[in-house]
Amino acid sequence: MAKTRNDDGATGIVEGAINSKNNDLFKNGYTSRYGAESPGEFFAEAFHDVYANGNKARKASIATVQEYEKRQKTLTTKKFFRKKRGLWRRFKNWLKM
């Protein structure tokens, strides 16, 4: 992924990431002012909100964490089956999923 430059000339935003400064994430109550500063902070606040507050967390935070966990499980499964392992070991691990 290519990094782009911010309005102030600093690099760091990955192409395709949430442009949190131009969205109304804070105004709509999805995050704090600090979380609206960058996509990374928004993501970190979502995780903190879910793991600290559980079911009482913001709906946007819960959805963000669920989507992340779903994608991580898919990536982990792909990487696991790409490895060269014996048939018995792969079958045994497949049963654990």
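Student: How many aromatic pairs does the count come to?
Tutor: This is a predicted model, in which local features need pLDDT of at least 70 and side-chain atom pairs count only at pLDDT 80 or more, while totals for chains, interfaces and linings use all residues. Residues are numbered from 1 along each chain as its sequence is written, and side-chain values use heavy atoms, with hydrogens and water left out. The count comes to five aromatic pairs. Rings of Phe, Tyr and Trp (its six-membered ring) pair if their centres lie within 6.5 Å; planes under 30 degrees apart count as stacked, over 60 as edge-to-face and the rest as tilted.

Student: Why is the pair of Phe-43 and Tyr-68 called edge-to-face?
Tutor: The ring centres of Phe-43 and Tyr-68 are 5.4 Å apart, so they pair, and the planes stand at 75 degrees, so the pair is edge-to-face.

Student: What makes this pair one that ties together parts of the chain?
Tutor: Phe-43 belongs to helix α1 (residues 39-53) and Tyr-68 to helix α2 (residues 59-82), so the pair ties together parts 25 residues apart in sequence. Helices (H or I, at least four residues) and strands (E, at least two) are DSSP runs, numbered from the N terminus.

Student: What makes Phe-47 and Tyr-68 an edge-to-face pair?
Tutor: Their ring centres are 5.2 Å apart and their planes are at 80 degrees, so the pair is edge-to-face. With Phe-47 in helix α1 and Tyr-68 in helix α2, this pair links distant parts of the chain, 21 residues apart.

Student: Which residues do ring pairs link into a cluster?
Tutor: The cluster consists of Phe-43, Phe-47, Tyr-51 and Tyr-68.

Student: How do you know that Lys-70 and Glu-67 form a salt bridge?
Tutor: A salt bridge is a side-chain nitrogen of Lys or Arg within 4 Å of a carboxyl oxygen of Asp or Glu. The closest N and O atoms of Lys-70 and Glu-67 are 3.5 Å apart, so the pair counts as a salt bridge. Both residues lie in helix α2, three residues apart, about one turn of the helix.

Student: What distance is found for Glu-67 and Arg-71?
Tutor: Their side chains meet in a salt bridge at 2.8 Å, N to O. Because they are four residues apart in helix α2, about one helical turn separates them.

Student: How many salt bridges does the structure hold, and which residues are linked in a network?
Tutor: The structure holds two, and the network links Glu-67, Lys-70 and Arg-71.

Student: Why do Lys-70, Arg-71 and Glu-67 get the accessibility labels they have?
Tutor: Lys-70 has a relative accessible area of 51%, so it is exposed. Arg-71, at 54%, is exposed, whereas Glu-67, at 30%, counts as partly exposed.

Student: What does the side chain of Thr-77 reach?
Tutor: In helix α2, the side chain of Thr-77 reaches the backbone oxygen of Lys-73 at 2.8 Å. Thr-77 has a relative accessible area of 24%, so it is partly exposed.

Student: Where is Trp-94, and how far is it from Thr-77?
Tutor: Trp-94 is in helix α3 (residues 87-96). Thr-77 and Trp-94 are 17 residues apart in sequence and 9.4 Å apart in space, C-alpha to C-alpha.

Student: Which residues form a nonpolar patch on the surface?
Tutor: Trp-88, Phe-91, Trp-94 and Leu-95 form the patch, with about 530 Å² of accessible area together. Patches are made of residues with over 30% relative accessible area and no salt bridge; like charges are joined within 9 Å, nonpolar side chains (Val, Leu, Ile, Met, Phe, Trp, Tyr) within 5 Å. Accessible areas come from the Shrake-Rupley method with a 1.4 Å probe.

Student: What pattern does the protein follow along the sequence?
Tutor: The pattern is β-β-α-α-α, with three helices and two strands. Of the 97 residues, 16% count as buried. The protein exposes about 8100 Å², and carbon and sulfur atoms supply 53% of that.

Methods. Buried < 20%, exposed > 50% of the residue type's maximum accessible area, 1.4 Å probe, protein only. Polar contact = N/O pair within 3.5 Å; in protein donor to acceptor, adjacent residues only side chain to side chain.
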